[in-house]
Amino acid sequence: MHNFQVDDMTCGHCASTVEKAVKSVDAAAQVKIDVNTRKVEIQSEKPADAFVAAIGEAGYTGELQV
């Protein structure tokens, strides 16, 4: 599981864009997004760096939380 803080994700449209970015890396990933806390939880075997890159390419800053 990977947990990200995406501070510039502020609305439902942002969350949808972030989810699409995550799914572009792993279509089978389970994604939970909380816009209020700006947290994204991803269940996937793919490396976290791949999701950081995809979220960045979508225009957002995703910081991996450890």
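Author: Two residues are in contact when heavy atoms of theirs lie within 4.5 Å. The structure is a predicted model, in which local features need pLDDT of at least 70 and side-chain atom pairs count only at pLDDT 80 or more, while totals for chains, interfaces and linings use all residues. Residues are numbered from 1 along each chain as its sequence is written, and side-chain values use heavy atoms, with hydrogens and water left out.

Reader: Which pattern does the protein follow along the sequence?

Author: The secondary structure comes to 2 helices and 4 strands. Helices (H or I, at least four residues) and strands (E, at least two) are DSSP runs, numbered from the N terminus. Read along the sequence, the pattern is β-α-β-β-α-β.

Reader: What is the radius of gyration of the protein?

Author: This radius is taken over C-alpha atoms, and the globule rule is 2.2 Å times the number of residues to the power 0.38. For 66 residues the rule gives 11 Å, and the value for the protein is close to that, so the protein is as compact as a globular protein of that length. The radius of gyration is 10 Å.

Reader: Which residues of α2 are buried?

Author: Buried means under 20% relative accessible area, exposed over 50%, and partly exposed in between (1.4 Å probe, protein chains only). A50 lies in helix α2, residues 48–57, but at 27% it counts as partly exposed. A53 is also in α2, and at 37% it too counts as partly exposed. The buried residues of α2 are A48, F51, A54 and I55.

Reader: Within what arc do the buried residues of α2 fall?

Author: The buried residues of α2 are A48, F51, A54 and I55. Seen down the helix axis, they line one face of α2 because of the arc in which they fall, an arc of the directions from the helix axis to the C-beta atoms. That arc is 125 degrees.

Reader: Which exposed residues are on the face of α2 turned away from its buried side?

Author: What covers the buried residues of α2 includes β1 (2–5), α1 (12–25), β3 (39–43) and β4 (63–65). The face turned away from the buried side carries the exposed residues D49 and E57.

Reader: Which residue forms a salt bridge with E41?

Author: Side chains of opposite charge can pair when their charged atoms come close. A salt bridge is a side-chain nitrogen of Lys or Arg within 4 Å of a carboxyl oxygen of Asp or Glu, and by this rule the count comes to 1. The closest N and O atoms are 3.9 Å apart, and the partner is K32.

Reader: What is the phi of R38?

Author: Most residues other than glycine have a negative phi. R38, in the loop between β2 (30–34) and β3, is not a glycine, yet its phi is positive. Its relative accessible area of 30% makes R38 partly exposed. The phi of R38 is about 65 degrees.
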